[in-house]
Amino acid sequence: MIRTCVGCRQRVDKTTLVRVVAGRDEAGWTAEPDPDGTRPGRGAHLHPAERCLRLALDRRAFARALRLEGPIGTDALAAWVRSEADE
Ligand SMILES: [Zn+2]
(Lines give C-alpha, C1' and ligand atoms only; values in the text may rest on other atoms or scores of the structure.)
Protein backbone atom coordinates (compact mmCIF):
# COMPACT_ATOMS: atom_id res chain seq x y z
CA MET A 1 0.00 0.00 0.00
CA ILE A 2 1.20 3.46 -0.91
CA ARG A 3 1.15 6.20 1.69
CA THR A 4 2.42 9.76 1.73
CA CYS A 5 5.07 10.77 4.25
CA VAL A 6 3.67 13.77 6.12
CA GLY A 7 7.22 15.18 6.26
CA CYS A 8 8.76 15.04 2.78
CA ARG A 9 5.44 14.27 1.00
CA GLN A 10 6.99 11.38 -0.94
CA ARG A 11 4.60 8.62 -1.84
CA VAL A 12 6.16 5.33 -0.84
CA ASP A 13 5.21 1.86 0.30
CA LYS A 14 3.87 2.15 3.81
CA THR A 15 6.27 -0.50 5.12
CA THR A 16 9.03 2.12 4.88
CA LEU A 17 7.03 4.57 7.01
CA VAL A 18 6.05 4.57 10.66
CA ARG A 19 2.43 5.13 11.58
CA VAL A 20 1.77 8.00 13.97
CA VAL A 21 -1.39 8.19 16.05
CA ALA A 22 -2.85 10.67 18.50
CA GLY A 23 -2.47 10.13 22.20
CA ARG A 24 -3.07 12.20 25.31
CA ASP A 25 -0.99 13.16 28.26
CA GLU A 26 -1.52 15.66 31.04
CA ALA A 27 -0.53 18.52 28.73
CA GLY A 28 -2.95 17.60 25.95
CA TRP A 29 -2.59 15.88 22.62
CA THR A 30 0.51 13.95 21.69
CA ALA A 31 1.74 12.35 18.50
CA GLU A 32 2.93 8.84 19.22
CA PRO A 33 4.65 6.21 17.10
CA ASP A 34 2.66 3.10 16.29
CA PRO A 35 5.33 0.92 14.67
CA ASP A 36 3.11 -2.18 14.68
CA GLY A 37 0.25 -0.28 13.08
CA THR A 38 -2.22 -1.76 15.53
CA ARG A 39 -3.62 1.25 17.35
CA PRO A 40 -7.13 2.34 16.48
CA GLY A 41 -8.08 5.67 15.03
CA ARG A 42 -6.73 8.01 12.45
CA GLY A 43 -3.07 7.68 11.54
CA ALA A 44 -0.41 9.72 9.79
CA HIS A 45 2.63 8.19 8.12
CA LEU A 46 6.19 9.40 8.42
CA HIS A 47 9.65 8.23 7.42
CA PRO A 48 11.48 7.34 10.65
CA ALA A 49 13.96 10.14 9.96
CA GLU A 50 14.69 13.37 11.79
CA ARG A 51 14.53 15.32 8.56
CA CYS A 52 11.00 14.20 7.84
CA LEU A 53 9.94 14.73 11.44
CA ARG A 54 11.23 18.30 11.28
CA LEU A 55 9.43 18.95 7.99
CA ALA A 56 6.22 17.56 9.44
CA LEU A 57 6.52 19.76 12.53
CA ASP A 58 7.27 22.86 10.45
CA ARG A 59 4.08 22.48 8.50
CA ARG A 60 1.98 21.25 11.45
CA ALA A 61 1.26 18.14 9.48
CA PHE A 62 0.27 16.05 12.49
CA ALA A 63 -2.50 18.41 13.53
CA ARG A 64 -3.91 18.28 10.02
CA ALA A 65 -3.46 14.58 9.41
CA LEU A 66 -4.78 13.54 12.81
CA ARG A 67 -7.46 16.26 12.93
CA LEU A 68 -6.28 17.66 16.25
CA GLU A 69 -6.51 21.20 17.53
CA GLY A 70 -4.10 22.90 19.86
CA PRO A 71 -0.48 22.12 20.60
CA ILE A 72 0.69 18.56 20.08
CA GLY A 73 3.44 17.05 22.19
CA THR A 74 5.97 15.25 20.03
CA ASP A 75 8.70 14.36 22.55
CA ALA A 76 7.88 10.65 22.54
CA LEU A 77 7.78 10.55 18.75
CA ALA A 78 11.03 12.51 18.44
CA ALA A 79 12.76 10.16 20.88
CA TRP A 80 11.52 7.15 18.94
CA VAL A 81 12.67 8.58 15.60
CA ARG A 82 16.08 9.33 17.08
CA SER A 83 16.43 5.80 18.42
CA GLU A 84 15.50 4.36 15.01
CA ALA A 85 17.96 6.62 13.24
CA ASP A 86 20.76 5.42 15.49
CA GLU A 87 20.34 1.80 14.46
ZN1 LIG B 1 9.65 11.49 4.49
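1. Order of elements. Read from the N terminus, the protein runs β-β-β-β-β-α-α-β-α. That makes six strands and three helices. The model is a predicted one, and the points below should be read with this in mind.

2. Overall dimensions. Along the principal axes, the C-alpha atoms of the protein fill a box of roughly 35 × 25 × 25 Å. The radius of gyration is 12 Å, which agrees with the value near 12 Å that a compact globule of 87 residues would have.

3. Burial and contacts. Of the 87 residues, 26% count as buried. Taking contacts between residues at least 6 apart in sequence, 63% join residues at least 24 apart.

4. Helix H1. This helix covers residues 50–58, and its buried residues are Cys 52, Leu 53 and Ala 56. Seen down the axis of H1, these buried residues fall within an arc of 105°, so they line one face of the helix. Arg 51 and Asp 58 are on the other side of H1 and are exposed.

5. What H1 packs against. After H1 comes Arg 60, which has a positive phi, near 50°.

6. The nonpolar core. The largest nonpolar core consists of 17 residues. Those with the most contacts inside it are Val 6, Val 20, Ala 44, Leu 46, Ala 56 and Phe 62. At least two residues of this core come from each of strand E3 (18–25), E5, H1, H2 and H3. E3 gives the largest share, four residues.

7. Ala 56. This residue belongs both to the buried residues of H1 and to the residues with the most contacts inside the core. Not counting residues up to four places away in sequence, Ala 56 touches Val 6, Gly 7, Leu 46, Ala 61 and Phe 62. Of these partners, Val 6, Leu 46 and Phe 62 are also listed among the residues with the most contacts inside the core.

8. Trp 29. Strand E4 (residues 28–34) holds Trp 29. Is this residue buried or partly exposed? Trp 29 counts as partly exposed, because it has 19 C-beta neighbours inside 10 Å, whereas a buried residue needs 20 or more.

9. Surroundings of Trp 29. Leaving aside neighbours within four places in sequence, Trp 29 is in contact with Ala 22, Arg 24, Leu 68, Gly 70, Ile 72 and Gly 73. Glu 69 is 40 residues from Trp 29 along the chain, and the C-alpha atoms of the two are separated by 8.3 Å.

Methods. Residues numbered from 1 in each chain as written. Predicted model: local features only at pLDDT ≥ 70, side-chain atom pairs only at ≥ 80, totals over all residues. Rg over C-alpha atoms; globule rule 2.2 N^0.38 Å. Buried ≥ 20, exposed ≤ 12 C-beta atoms within 10 Å, placed from the backbone. Contact = placed C-beta atoms within 7 Å. Arc of directions from axis to C-beta. Core = buried A, V, L, I, M, F, W, Y, C linked by C-beta atoms within 7 Å.
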